[in-house]
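Subject: Structure handover

Hello,

I am passing a structure on to you, with notes on what was found in it. Please look through it first and then read on.

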Amino acid sequence: MSLFSVCVFCGARSGKNPAYESAANDMGAAIAANNWRLVYGAGDVGLMGVVARSAQAAGAQTFGVIPEHLMKWEVGKRDLSQFIITENMHERKKVMFMNSDAVVVLPGGAGSLDEFFEVLTWRQLELHARPIILVNTEGYWQPLVDLLNHVVDQGFAGASTLEFVTVVDTVDEAVLRLREAALKPAAV
């Protein structure tokens with residue numbers, strides 16, 4: 001039986017609020033504490049580096065995927081359990097997603113938004129049924145939550161779109177949702 005794998009999308013920067021780094025640290029530690037595997041973008045900078053180092057320090061398996069052109073910029077973390085270099089960003093997202101059972105989105109920038117919207121779109125198109133958990137650390141993602149509600153209110157998406165994303169305020173709440181998902185049969 002393979003390890004339940006949690007794909008974490010998060011910033012290649014740490015952001016201004018120390019709570020973001022704390023959440024990344026807690027997420028990495030929680031992945032290890034639950035005997036799950038971290039799947040992430042293989043960077044050793046920003047929140048990506050924090051979540052990976054935290055998971056590693058606590059003994060988790062780590063699976064990182066990085067495109068060749070970001071090896072220097074995101075400082076590819078080669079000491080992971082598995083380290084994959086892809087040709088481009090599209091392949092990176094696909095490999096990360098295909099090797100995960102659930103998606104957690106911590107604070108991040110345009111790249112994290114791209115990753116989030118890609119898995120949300122795939123969910124809308126019924127290409128998967130994996131949980132998507134948005135960790136709204138100190139309200140960071142509230143403008144995104146408001147935008148999603150606006151998109152639905154304006155008729156550009158069905159109300160089910162909002163059901164595809166679980167919004168939580170803390171890593172502890174995300175972990176509870178992940179534990180529920182880990183008990184269910186694997187989602188497509």
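The notes below go from the sheet to the helices and then to a few single residues. Please keep in mind that this is a predicted model.

The sheet

Strands of a sheet pair through backbone hydrogen bonds, either parallel or antiparallel. Here there is an open sheet of seven strands, paired in parallel, and the order across it is β4-β3-β2-β1-β5-β6-β7. At the edges are β4 (82-86) and β7 (165-168), each of which pairs on one side only. From one strand to the next, the twist averages 20 degrees.

Some of the pairings can be given in detail. β1 (residues 5-9) and β2 (residues 37-40) are joined in the parallel sense over three bridges, and Ser-5 has Arg-37 in β2 as its bridge partner. β5 and β6 also run parallel, with three bridges between them; there, Val-104 has Ile-133 in β6 as its bridge partner. Between β6 and β7 there are four bridges, again in the parallel sense, and Val-135 is partnered with Val-168 in β7.

In a regular strand the side chains alternate between the two faces of the sheet. In β6, Ile-132 and Leu-134 point one way, while Ile-133 and Val-135 point the other way; all are buried.

The helices

Helix α1 (residues 18-33) lies across β1, β2 and β5 (102-105), and runs at about 170 degrees to β1. Helix α4 (residues 110-124) lies across β1, β5, β6 (132-135) and β7, at about 150 degrees to β6. Together, β5, α4 and β6 form a β-α-β unit that is right-handed.

Two packed helices are described by the angle between their axes and the distance between the axes. For α1 and α2 the angle is about 35 degrees and the axes are 7 Å apart. Their crossing is right-handed. On the α1 side, the contact is made by Tyr-20, Glu-21, Ala-24, Asn-25, Met-27, Gly-28, Ala-29 and Ala-32; on the α2 side, by Leu-47, Val-50, Val-51, Ser-54 and Ala-55. These residues divide into nine nonpolar, three polar and one charged.

Single residues

Two residues other than glycine have a positive phi. For Asn-35 the value is near 60 degrees, and for Ala-42 it is about 65 degrees. Asn-35 sits in the loop between α1 and β2, and Ala-42 in the loop between β2 and α2 (46-57). Are they buried or exposed? Asn-35 counts as exposed because its relative accessibility is 54%, over the cut-off of 50%. Ala-42 is buried, since its relative accessible area is 0%.

Trp-36 is in the loop between α1 and β2. With a relative accessibility of 5%, Trp-36 counts as buried, the cut-off being under 20%. What does Trp-36 touch, leaving aside residues up to four places away in sequence? The contacts are Phe-4, Val-6, Ala-30, Ile-31, Ala-60, Gln-61, Val-175, Leu-178, Arg-179 and Ala-182. As for Asp-114, it is 78 residues from Trp-36 in sequence, and their C-alpha atoms are 25 Å apart in space.

Regards

Technical notes. Residues numbered from 1 in each chain as written. Predicted model: local features only at pLDDT ≥ 70, side-chain atom pairs only at ≥ 80, totals over all residues. Heavy atoms only, no water. Pairing = 2+ DSSP bridges. Axes fitted to C-alpha atoms, helices over the stretch in contact; angles between N-to-C directions. Contact = heavy atoms within 4.5 Å. Buried < 20%, exposed > 50% of the residue type's maximum accessible area, 1.4 Å probe, protein only. Left-handed = near helix turned anticlockwise from the far one by under 90°. Nonpolar A, V, L, I, M, F, W, Y, C, P; charged D, E, K, R; others polar. Right-handed = clockwise from strand over helix to strand, strands pointing away.
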